[in-house]
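Here's a quick briefing to read alongside the model. Have a look at the fold, then work through the points below.

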Amino acid sequence: MDQFRERLEDVPKPVFVHCASGKRAGAFTMMATAVEQGMNGETALQKAREMGFECDVPQLEQFVKTYIDKA
């Protein structure tokens with residue numbers, strides 16, 4: 001995740017982030033945005049839900065929260 005955020009800063013915008021299911025790409029993008037905007041993990045997940053991103057994998061949701069809260 002740290003490498004993703006570093007590289008994201010260096011590439012021209014807009015950026016298209018994708019993966020097979022959209023869950024990893026959505027989670028990585030959400031984490032990068034949340035850290036950049038100073039959100040905590042729960043706020044980031046709530047905003048993601050409002051935008052239609054459903055994190056239905058408990059381990060991924062916990063990873064997202066933990067990473068954002070520690071960053």
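With 55% relative accessibility, Ala 71 counts as exposed (buried is under 20% relative accessible area, exposed over 50% and partly exposed in between, using a 1.4 Å probe and protein chains only). Keep in mind that this is a predicted model, where local features need pLDDT of at least 70, side-chain atom pairs count only at pLDDT 80 or more, and totals for chains, interfaces and linings use all residues. Residues are numbered from 1 along each chain as its sequence is written, and side-chain values use heavy atoms, with hydrogens and water left out.

**Around Ala 71**
- Ala 71 sits in the segment after H4 (helices, H or I with at least four residues, and strands, E with at least two, are DSSP runs numbered from the N terminus).
- Setting aside neighbours within four places in sequence, Ala 71 is in contact with Arg 5 and Val 35 (contact means heavy atoms within 4.5 Å).
- Ala 71 and Met 51 are 20 residues apart in sequence, and their C-alpha atoms are 23 Å apart in space.

**H1 against H2**
- H1 (2-10) and H2 (23-37) pack at an angle of about 75°, with axes 10 Å apart (axes are lines fitted to C-alpha atoms, for helices over the stretch in contact, and angles run from 0 to 180 degrees between N-to-C directions).
- That makes H1 and H2 roughly perpendicular to each other (angles of 65 to 115 degrees count as roughly perpendicular, under 35 as roughly parallel, over 145 as roughly antiparallel and the rest as oblique).
- From H1, Phe 4, Arg 5 and Leu 8 meet Phe 28, Thr 29, Ala 32 and Val 35 of H2.
- By class, this contact of H1 with H2 has five nonpolar, one polar and one charged residues (Ala, Val, Leu, Ile, Met, Phe, Trp, Tyr, Cys and Pro count as nonpolar, Asp, Glu, Lys and Arg as charged, and the others, Gly among them, as polar).
- For context, most peptide bonds are trans.

**H3 against H4**
- H3 (residues 41-50) and H4 (residues 58-70) pack at about 130°, their axes 8 Å apart, so H3 and H4 are oblique to each other.
- H3 brings Gly 41, Glu 42, Ala 44, Leu 45 and Arg 49 to the contact, while H4 brings Glu 61, Val 64, Lys 65, Ile 68 and Asp 69.
- Sorted by class, the H3 contact with H4 has four nonpolar, one polar and five charged residues.

**Pockets**
- The largest pocket holds about 200 Å³ of space (on a 1 Å grid over the protein atoms alone, a pocket is an open set of points where a 1.4 Å probe fits, with protein on both sides within 12 Å along at least five of seven lines, and lining residues have an atom within 4 Å of a point; grid points are joined across faces, edges and corners, and a volume is the space filled by probe spheres set on the points).
- H2 gives the largest share of that pocket's lining, six residues, and the lining of the largest pocket has seven nonpolar, four polar and one charged residues.
- Among the residues lining the largest pocket are Met 30, Ala 44, Met 51 and Phe 53.
- The second largest pocket has a volume of about 150 Å³, and its lining includes Phe 4, Leu 8, Lys 13, Pro 14 and Thr 29.
- In the second largest pocket, H2 again supplies the largest share of the lining, four residues.
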